[in-house]
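Morning, everyone. Please put the sequence and the structure up on the screen, and I'll walk you through them.

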Amino acid sequence: MSTDSLPEYRQSFRDRPRPGHTPTGSSSTTAALKRTGPAERAAVVDLAAIRHNVAALRSWVQPAALMAVVKADGYGHGAVPVARAALDAGATWLGLAHVSEALVLREAGISAPMLAWLHTRDTPFGRAVEENIDLGASGWELEPIAAAAQRLERPARVHLKIDTGLGRNGCTLEDWPQVVERAAALQEAGLIRVVGIFSHLAVADEEEREAETDEQLELFHGAVEAAREAGLRPDVRHIANTPGILDRPDTHLDLVRAGLGIYGLTPFTDRPASEFGLRPAMSVTTTVAQNKAVGPGHGVSYGYRYRTTAATRLALIPLGYGDGVPRPALDAPVSIGGQRYAVAGRIAMDQFVVDLGTEDPAVAPVGASVELFGPKSGITADEWASAAGTINYELVTRIGSRVPRIHVDTQPGPDAGAPSLPDR
């Protein structure tokens, strides 16, 4: 990757204040926690784990640069603190879906290169140009982007996207010659600068389908060559997502886009994150809200999908699908006081129940610590995702706003101990 363009970003932001900024590991949420005591429920995010994961991934993709994808509020982890931690660990770009997400980071004083790639007719392209936010373009966006650039009398920075088979946004192979020709004309007119060309892998997380990834990569290289023949000289080519980073070094090129991996989660169904030296960053925690004795045959939650088989005690956990805990996750694991149990019956909007399997009132009393998933319990987001019939991406991203994010830092400062990833 060329670093010549990086000062363009930083110059106009060098002296900009960082509104609401507090040092890494001392977020306002954490400060509030210290004033008021433990949160009733929380998604605790360890920024040291974010730094560790970014450093580990960087060690594998060098000399390619790394873009930390912090869309959807940092996959539910908190975009601003995650972005800062990722940059501290050596990420040089930030990736967002929407311009509005990128503007939040700019307003927080983050001046790093950013790319936003999913637009509508109402996307504030002018604000993006003003704030030095790179824009993905599949074709139609070139005209409103160029119009904004002309109005502001400064060129927009653009990454052209080619659809190599995923079928979402991105220019079709048939339309690509016309799009690169138009982009070259707009660049010649001084309205845009084509900084990058990119695409997205569809099945890199399914290792047995490597032939389809091979085909996507071949089509991508062809599209880049066509762009060069049209007179474009992009600084960066990027197609690798987390599974591409972890399993396909031939996709690394100039820049990789690391999403799931920086949060310590695996994209593979049969290869845990620990295999790649990654550490999960999020723990979802609460405490027991009630503990009561019931007899055999007692129904539990809506629909009586569960009945007790003997006299026992039921623990009430104050998290539910209103907090993003998936309703279908019957039998999902949960840790109470360090002991592993399973969800009993349907998860409700605000709560779910655990059958403790004992009549001892000293087990899991009111106030006992609860972890749904996280490093302390060893329960993974993958286990909850499997119980719910979904993927770990969705599980962490869907944790709702009623669950405060508390950012901690278990290892302040640069994480110099990040390991190299294992041989592939």
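Let me start with a definition. Rings of Phe, Tyr and Trp (for Trp, its six-membered ring) pair if their centres lie within 6.5 Å; planes under 30 degrees apart count as stacked, over 60 as edge-to-face, and the rest as tilted. By that rule, the count here is five aromatic pairs.

Some ground rules. This is a predicted model, where local features need pLDDT of at least 70, side-chain atom pairs count only at pLDDT 80 or more, and totals for chains, interfaces and linings use all residues. Residues are numbered from 1 along each chain as its sequence is written, and side-chain values use heavy atoms, with hydrogens and water left out.

Now, one of those pairs. W60 and F276 are tilted, with 6.5 Å centre to centre and 40° between the planes. Where do W60 and F276 sit in the chain? W60 is in helix 3 (residues 47–61), and F276 is in the loop between strand 9 and strand 10 (282–287). They are 216 residues apart, so this pair links distant parts of the chain. Helices here are DSSP runs of H or I with at least four residues, strands are runs of E with at least two, and both are numbered from the N terminus.

Are W60 and F276 buried or exposed? Buried means under 20% relative accessible area, exposed means over 50%, and partly exposed is in between, using a 1.4 Å probe and protein chains only. W60 is at 11% relative accessibility, so W60 counts as buried. F276 has a relative accessible area of 1%, so F276 is buried too.

Here is another pair. F125 and W140 sit edge-to-face, at 6.4 Å centre to centre and 70° between the planes. F125 lies in helix 7 (residues 125–130), while W140 is in the loop between strand 5 (133–137) and helix 8 (142–152). The pair therefore ties together parts that are 15 residues apart in sequence. F125 is buried at 5% relative accessible area, whereas W140 is partly exposed at 33%.

Back to W60 for a moment. W60, F268 and F276 form one aromatic cluster. R271 lies over the face of F268, 5.3 Å from the ring centre. The rule for that: NZ of Lys or CZ of Arg within 6 Å of the ring centre and within 35 degrees of the ring normal.

Next, the sheets. Strands of a sheet pair through backbone hydrogen bonds, either parallel or antiparallel. Here, two strands pair if DSSP finds at least two bridges between them.

Eight strands form an open sheet in the order 8-7-6-5-4-3-2-9. Strand 8 (236–238) and strand 9 (255–258) stand at the edges, each with a single partner strand, so one side of each has no neighbour in the sheet. The twist averages 30° from one strand to the next; axes are lines fitted to C-alpha atoms, for helices over the stretch in contact, and angles run from 0 to 180 degrees between N-to-C directions. Helix 9 (residues 176–188) packs on this sheet, touching strand 6 (156–161) and strand 7 (192–198). Contact means heavy atoms within 4.5 Å. The direction of helix 9 makes about 145° with that of strand 7.

Why is strand 7 largely enclosed by the rest of the structure? Because six of its seven residues are buried. Strand 7 pairs with strand 6 in the parallel sense over six bridges, with A156 opposite I192. The chain crosses from strand 6 through helix 9 to strand 7, and this β-α-β crossover is right-handed: with the strands pointing away from the viewer, the path from the first strand over the helix to the second runs clockwise. Three bridges then join strand 7 to strand 8, also parallel. In that pairing, F198 has H238 as its bridge partner. The crossover from strand 7 through helix 10 (residues 210–229) to strand 8 is right-handed as well.

Five antiparallel bridges join strand 1 (residues 41–46) to strand 10, where V45 stands opposite M282. Strand 10 also pairs with strand 18, antiparallel, over four bridges. There, T287 has S369 as its bridge partner.
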